[in-house]
Amino acid sequence: MALLMLPGLAYFLLFHYGALVGNVIAFKDYVPFDGMWGSQWTGLANFQRMFGDSDFWAAVLNTLWIAVLQIVFYFPVPLALAVLLHTLTWSTVRRFVQSVAYLPHFISWVIVVALFQQVLGDTGLVNGYLGDAGLHTVDIIGNPDAFKPLVVAQVIWKDAGWGTIIFLAALSQVDEQQYEAAAIDGAGPWRRFWHVTLPAIRPVVVLLLIMRLGDILSVGFEQMLLQRDAVGPEAAEIIDTFVYYQGIVGGDYGFAAAAGLFKGVIGALLVFAANKVAHRLGEQGVYK
């Protein structure tokens, strides 16, 4: 068993923990030819520039807006879908629905964005029907005002089915006798869900919510990068794309590393805070 863990352990040590050393360039005027240790130290100069950059704060605001929308509208969807699948009595129908719901998760964001463009774009399927009917066409893909709800809808379509896996596993552990006892006592479907299902899976819900809060500032780099040009950076610029354009494209590696380090620190603080709140509420959380 220990040998089976070695490849995964090596991956995390090399690409996650080992890569943390690279954060040192956030405190330097990093020049690739001088190397990580040969570049000149600048202290907190990159962070001072970052906190005074209006484009950075615009990216932070966009990231927070999309993250809040995803938590409010996406996070409950896998739970609701898992409950509905759990209530299906026909195993054949359940497996079919699960397979259909899981499938979009394995489609790359390039294909997903292309599909949405073909359906909702200026020359897409919807506008084609509207134009044939003599109605006003709407370019949803290229509308900055509709961008944030659109990306949340894309996430729901792509990953809601995959997100049901953990919830279905938790629901399978609920004692069926509790449902029967509640039904005998006159509890309807909603009361059975509220008093039996939800308390049984509450630790899993809290755990996933804490993990989502820790990843709240990561709202989909590929998804945003592919659609950024269509709506402009004012609507689609997030911290990850800001880091990409400042560092990889612009060559300002130290400044980009400072923005990435800021994102990581905020995510870690959110995990610690959410885990502490979970302990106060009597839940185990991510760690004790």
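Author: Rings of Phe, Tyr and Trp (its six-membered ring) pair if their centres lie within 6.5 Å, and planes under 30 degrees apart count as stacked, over 60 as edge-to-face and the rest as tilted. By this rule the structure has 18 aromatic pairs. One of the pairs joins Phe51 and Trp57, with 6.0 Å between the centres and 25° between the planes.

Reader: What makes the pair of Phe51 and Trp57 stacked?

Author: The centre distance of 6.0 Å lies within 6.5 Å and the angle of 25° is under 30 degrees, so the pair of Phe51 and Trp57 is stacked. This is a predicted model, in which local features need pLDDT of at least 70 and side-chain atom pairs count only at pLDDT 80 or more, while totals for chains, interfaces and linings use all residues. Residues are numbered from 1 along each chain as its sequence is written, and side-chain values use heavy atoms, with hydrogens and water left out.

Reader: Why are Phe51 and Trp57 called partly exposed?

Author: Buried means under 20% relative accessible area, exposed over 50%, and partly exposed in between (1.4 Å probe, protein chains only). Phe51, with 42%, and Trp57, with 37%, both fall in between, so both are partly exposed.

Reader: How do you know that the pair of Phe242 and Phe255 is edge-to-face?

Author: The ring centres of Phe242 and Phe255 are 5.8 Å apart and the planes stand at 65°, which is over 60, so the pair is edge-to-face. Phe242 belongs to helix α14 (residues 239-249) and Phe255 to helix α15 (residues 253-280), so this pair ties together parts that are 13 residues apart in sequence. Helices (H or I, at least four residues) and strands (E, at least two) are DSSP runs, numbered from the N terminus. Phe242 and Phe255 are both buried, and together with Phe51, Phe56, Trp57 and Phe262 they form one aromatic cluster.

Reader: What makes Arg49 a charge over the face of Phe255?

Author: A charge sits over a ring if NZ of Lys or CZ of Arg is within 6 Å of the ring centre and within 35 degrees of the ring normal. Arg49 lies over the face of Phe255 at 4.3 Å from the ring centre, and Arg228 lies over the face of Tyr245 at 4.0 Å, so both distances are within 6 Å.

Reader: Which residues of α14 are buried, and what do they pack against?

Author: Ile239, Asp240, Thr241, Phe242 and Gly247 are the buried residues of α14. They pack against α4 (54-74), α12 (221-231), α13 (233-236) and α15, where contact means heavy atoms within 4.5 Å. Just after α14, Gly251 takes a positive phi of about 80°.

Reader: Why is Ala274 called buried, and which residues does Ala274 touch?

Author: Ala274, in helix α15, has a relative accessible area of 13%, which is under 20%, so Ala274 is buried. Leaving out residues up to four places away in sequence, Ala274 touches Ile210 and Leu213.

Reader: How much of the protein chain is buried?

Author: Of the 288 residues in the protein chain, 35% are buried, and the chain has 15 helices and two strands.
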